[in-house]
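Thanks for asking me to look this one over. Here are my notes, written to be read beside the model.

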Amino acid sequence: MSSAPASASDPTAAGVGLPRGQHRLTGLGSALAVIVLLGLLVAPLAVYPVFLMKILCFALFATAFNLLLGYVGLLSFGHAAFFGGAAYFTAHAAKVWGFEPLLAVLFGAAGAAVIGLVIGFLAIRRQGIYFSMVTLALSQMVFFVFLQAPFTHGEDGIQNVPRGRLIGLFDLSDTLTMYYFVLMVFVFGFFAVWRIVHSPFGHVLQAIRENENRAVSLGYRVERYKLGAFVMSAFIAGLAGGTKALVFQIATLTDVAWQMSGEVILMTLLGGLGTILGPSVGAGLVVTLQNYLAASGLPVTVVIGCIFVLCVLVFRRGLVGEAIRLLHRRGQGLPRR
């Protein structure tokens with residue numbers, strides 16, 4: 001039954017009768033993915049690994065957020081609760097309970113998924129701006145919980161988090177080893193989002209985004225699909241937050257504050273909403289600007305804000321979204337997006 005929304009929301013879902021240009025575009029995307037992966041494997045030889053790890057963490061965070069906004073049409077102002085919550089859970093598990101690094105990250109992501117289940121269960125009962133305001137309010141409640149909870153140490157956060165040894169063999173205190181661990185987590189999370197989007201479940205999500213009433217009339221329980229997508233997005237955002245806590249060996253209130261939710265929205269819109277690669281590009285752009293403008297004396301937020309306004313005016317679909325549109329227009333018989 002899921003094939004009907006798939007064909008309505010994604011003309012290429014069936015993979016049959018596609019124009020030749022569409023096949024070329026798909027092949028180009030696959031080749032680009034391989035090139036990017038190979039580039040990431042050798043990138044730490046030329047670029048500071050900690051800087052790259054920060055980009056990968058925020059790229060995964062933005063990709064998780066895009067799953068909810070870009071493919072379901074739900075604008076959440078509370079994703080910092082999952083990102084920062086997982087950071088706290090991972091840091092506490094690694095430092096106090098002595099969890100192995102991968103287990104600590106998974107524990108943090110599971111904790112984020114639980115928070116997502118609670119927030120999502122309450123928020124999906126509303127639509128539009130009301131949904132967004134509910135997620136913001138509940139996220140702020142999570143923020144104050146972490147501010148007051150004894151194990152978070154208040155404004156000091158959880159510091160000196162040990163990176164440990166991955167499966168008892170690989171010492172993550174080595175920066176290069178830690179980089180490849182972060183890359184592994186990023187590739188897993190990125191592939192998970194790609195697989196969700198291109199599955200029958202993902203096609204239903206896109207059908208809900210395009211016309212929720214039609215999806216209901218076809219017999220889908222849209223609330224369950226929305227909640228499922230919300231929890232999946234929270235889990236993957238938790239992977240990003242937990243990994244970041246190990247990279248920088250600290251979890252603070254900055255990760256769970258509402259500003260972090262605004263930052264991931266900015267990254268997603270800059271890169272391209274509803275595209276697989278766009279949020280990663282947007283995250284890389286924002287993190288790079290923050291890094292290099294910090295020592296310039298220029299107001300970082302003002303500069304990034306001006307760039308955002310420029311991109312909205314010139315690249316209305318985001319950087320990657322506009323690139324995809326141009327490739328579609330160059331193909332023969334390809335639908336514009």
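1. A word on the basis. This is a predicted model, in which local features need pLDDT of at least 70 and side-chain atom pairs count only at pLDDT 80 or more, while totals for chains, interfaces and linings use all residues. Residues are numbered from 1 along each chain as its sequence is written, and side-chain values use heavy atoms, with hydrogens and water left out.

2. Let's begin with two helices. Helix H4 covers residues 80–95 and helix H5 residues 101–123; their axes are 7 Å apart and the packing angle is about 140°. Helices here are DSSP runs (H or I, at least four residues), strands are E runs of at least two, and both are numbered from the N terminus. Axes are lines fitted to C-alpha atoms, for helices over the stretch in contact, with angles from 0 to 180 degrees between N-to-C directions. H4 and H5 are therefore oblique to each other, given that under 35 degrees counts as roughly parallel, over 145 as roughly antiparallel, 65 to 115 as roughly perpendicular and the rest as oblique.

3. Which residues of H4 meet H5? On the H4 side they are Ala81, Phe82, Ala86, Phe89, Thr90, Ala93 and Ala94. Their partners in H5 include Val105, Phe107, Gly108, Ile115 and Ile119. The residues of this contact (heavy atoms within 4.5 Å) divide into 13 nonpolar, four polar and no charged. In this count, Ala, Val, Leu, Ile, Met, Phe, Trp, Tyr, Cys and Pro are nonpolar, Asp, Glu, Lys and Arg are charged, and the others, Gly among them, are polar.

4. Now the aromatic rings. The whole structure holds 18 aromatic pairs. Rings of Phe, Tyr and Trp (its six-membered ring) pair if their centres lie within 6.5 Å; planes under 30 degrees apart are stacked, over 60 edge-to-face and the rest tilted. Phe186 and Phe190 make a tilted pair, because their planes stand at 35°, with the ring centres 5.6 Å apart. Both sit in helix H7 (residues 175–197), and being four residues apart they are separated by about one helical turn. Phe186 is buried at 9% relative accessible area, where buried means under 20%, exposed over 50% and partly exposed in between (1.4 Å probe, protein chains only).

5. Another pair, Phe201 with Tyr225, is stacked, at 5.4 Å centre to centre and 25° between the planes. This pair links distant parts of the chain: Phe201 is in helix H8 (residues 200–210) and Tyr225 in helix H10 (residues 222–248), 24 residues apart. Phe201 is partly exposed, at 23% relative accessibility. Elsewhere, Tyr88, Phe89, Trp97, Phe99, Phe107, Phe146 and Phe151 form one aromatic cluster.

6. Is Asp255 buried or exposed? At 4% relative accessibility, Asp255 counts as buried. Asp255 is found in the loop between strand S4 (250–251) and helix H11 (258–271), and apart from neighbours within four places in sequence it contacts Ala80, Phe83, Gly84, Ala87, Lys244 and Met260.

7. Finally, the backbone. Asn160 has a phi near 55°, positive in a residue other than glycine, and lies in the loop between strand S1 (158–159) and strand S2 (165–166). Asn160 is exposed, at 63% relative accessibility. Gln249 also has a positive phi, of about 55°; Gln249 lies in the loop between H10 and S4 and is partly exposed at 33%.
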